[in-house]
Amino acid sequence: MRADAVKRYLQAGAAMLLGAGSVLAISTGVGSRDEARSEPARGGDQTIDWTAPLAGAGVQVPSGQAPTLLTFVPVDVSALGTPNGTFVTNPSLSTPPGRVIAWSFDHPKYGTFVVVEEISQTTQAELESLAGCDPGTGCQGSWSIVQLETGPKGLLVEGPASTAFIWLDRGMRLTVMGPPGVFSPASAEEIADTLQRAGV
Amino acid sequence: MASSIRWSATIAACIVFFSVAGFPDRALADCATEEQVFAGGPTQAYGTTNNIRLTDRALNTACGTPLFEAVSTANVTLGGAFGNWVEVGWEEHINGGTGAHEFNAFTEWGLAGNIKGQQVVGVSCIKLSNAGNYYKWRVNNVAGTNDWTLHLNCGSGFAQITRYNGTGYHSGLATGEAARLGGPVTGMSDSQDTLKYKNSSGTWNSWTSNFCYLDTATNWYYSHVSSTAYKVLNGSGSC
């Protein structure tokens with residue numbers, strides 16, 4: 001993994017160097033670029049805590065209490081077993097329409113993963129427009145559209161920070177994601193299908 | 001015998017080198033691990049404006065170049081789940097040719113922790129000689145869309161750096177971020193104040209509170225100053 005990570009940095013650095021020309025050509029309106037400065041690459045990304053997916057904005061709650069804190073009926077995740085934790089946006093931070101729910105799992109078949117459910121702010125067409133990944137514009141990994149066995153099409157992201165599948169159902173946005181290189185796209189799609197069959 | 005002496009000398013040299021320079025595997029691991037301290041603000045924000053100190057930080061020369069080592073940004077967690085974000089701010093790195101510390105403005109957004117788009121832009125006011133000054137950075141939702149524009153005010157008004165279209169979100173949690181690569185050698189000193197967010201009506205208001213959102217750094221911590229200001233300070237602590 002360390003070697004892979006270093007390789008990613010080198011690749012990202014090369015990509016940014018190649019992309020520097022286009023960056024330099026952009027008229028930012030905020031001043032001119034100093035000449036001869038090196039172009040760095042941010043190999044990093046946002047590191048997700050698989051045991052606390054909402055970070056400090058979330059609180060762990062008994063699963064039965066979660067629906068009382070939300071304006072939607074959360075998906076029934078019981079077909080995936082018992083989650084390690086159920087998390088909701090801290091009520092002291094947000095009114096119910098702004099809250100999300102997340103479950104963390106340590107599953108005997110799929111390993112560590114997280115399910116997030118929130119009110120969708122997007123459309124199916126916009127979600128599908130995110131397919132494709134150009135390293136020249138900083139994009140990491142692979143972004144593609146995949147159709148589940150149960151029917152919905154969603155966005156599969158295989159990147160250095162996670163393997164994730166994102167899809168929409170009846171006004172909700174669902175994300176299944178797990179650690180990169182460990183949690184497979186097939187696992188993400190199987191879990192999404194399981195949730196669809198459970199009646200998302 | 002001569003061979004034995006050569007091996008002994010080689011081993012001794014390696015011991016001296018690694019004790020001075022550190023074991024390369026450890027150093028590379030630190031360079032590949034991003035540590036972050038986030039402050040969280042209002043939820044359902046349609047933008048955030050953060051007045052951020054341009055801080056010249058200690059950087060880890062063992063990491064090689066080019067690499068973002070120190071970062072400070074205005075940031076919105078898209079929706080409400082950490083890992084979906086759009087941000088603008090500065091990064092500091094070591095020039096691969098001269099070894100000097102340098103700054104750039106940069107923008108970035110992504111989903112599930114993975115970067116979808118990133119731009120690095122040289123800006124006249126974001127430079128080493130201006131370290132210590134504060135600059136306003138703005139993450140702004142374009143009304144009626146899921147597009148976001150990223151801005152910087154060098155002193156004569158906000159100017160757009162870039163725009164990310166069709167992110168899938170129009171609001172989220174207003175935040176501020178300090179990040180580093182390079183382990184404990186790299187500094188994380190950060191100061192953000194005059195924090196404002198945009199509400200659903202398009203009005204910019206002061207943050208009403210802020211809290212420790214995430215702290216994965218081993219020797220730096222979030223320090224609350226007021227509802228509209230916080231710092232990242234050296235020392236032990238976590239959220």
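## A tour of chains A and B

Buried residues account for 44% of the 200 residues in chain A. The coordinates come from a predicted model, which scores ipTM 0.87 and pTM 0.86.

**Stop 1: chain A.** Stay on chain A and colour by secondary structure. Followed from the N terminus, the elements read α-β-β-β-β-α-β-β-β-β-α. If you draw the contacts of chain A with a separation of 6 or more, 57% of them join residues 24 or more positions apart.

**Stop 2: confidence in chain B.** Switch to chain B and colour by pLDDT. The average is 90, and 87% of the residues score at least 70. Now select residues 1-26 of chain B: the pLDDT there is below 50, and the stretch has four contacts in the model beyond near neighbours in sequence. Where pLDDT is low, predicted coordinates should not be read in detail.

Stop 3: Select S6, S5, S4, S3, S10, S1 and S13 of chain B. These seven strands form an open sheet in the order S6-S5-S4-S3-S10-S1-S13, with antiparallel pairing. At its edges are strand S6 (114-121) and strand S13 (211-215) of chain B, each of which pairs on one side only. From one strand to the next, the twist averages 25°. Strands of a sheet pair through backbone hydrogen bonds, so displaying the backbone is a reasonable way to view the pairing.

**Stop 4: S1 against S13.** Zoom in on strand S1 (residues 35-40) of chain B and its neighbour S13(B). The two run antiparallel and are joined by four bridges.

**Stop 5: Val142(B).** Next, centre on Val142(B). Where does Val142(B) lie in chain B? Val142(B) is in the loop between strand S7 (134-141) and strand S8 (148-153). Why does Val142(B) count as partly exposed? The reason is the number of its C-beta neighbours inside 10 Å, which is 15; a residue is buried at 20 or more and exposed at 12 or fewer.

Show the contacts of Val142(B) next. Setting aside neighbours within four places in sequence, they are Asp147(B), Trp148(B) and Thr149(B).

Methods:
Residues numbered from 1 in each chain as written. Chains lettered and ligands numbered in written order. Predicted model: local features only at pLDDT ≥ 70, side-chain atom pairs only at ≥ 80, totals over all residues. Contact = placed C-beta atoms within 7 Å. Pairing = 2+ DSSP bridges. Axes fitted to C-alpha atoms, helices over the stretch in contact; angles between N-to-C directions. pLDDT = per-residue confidence, 0-100.
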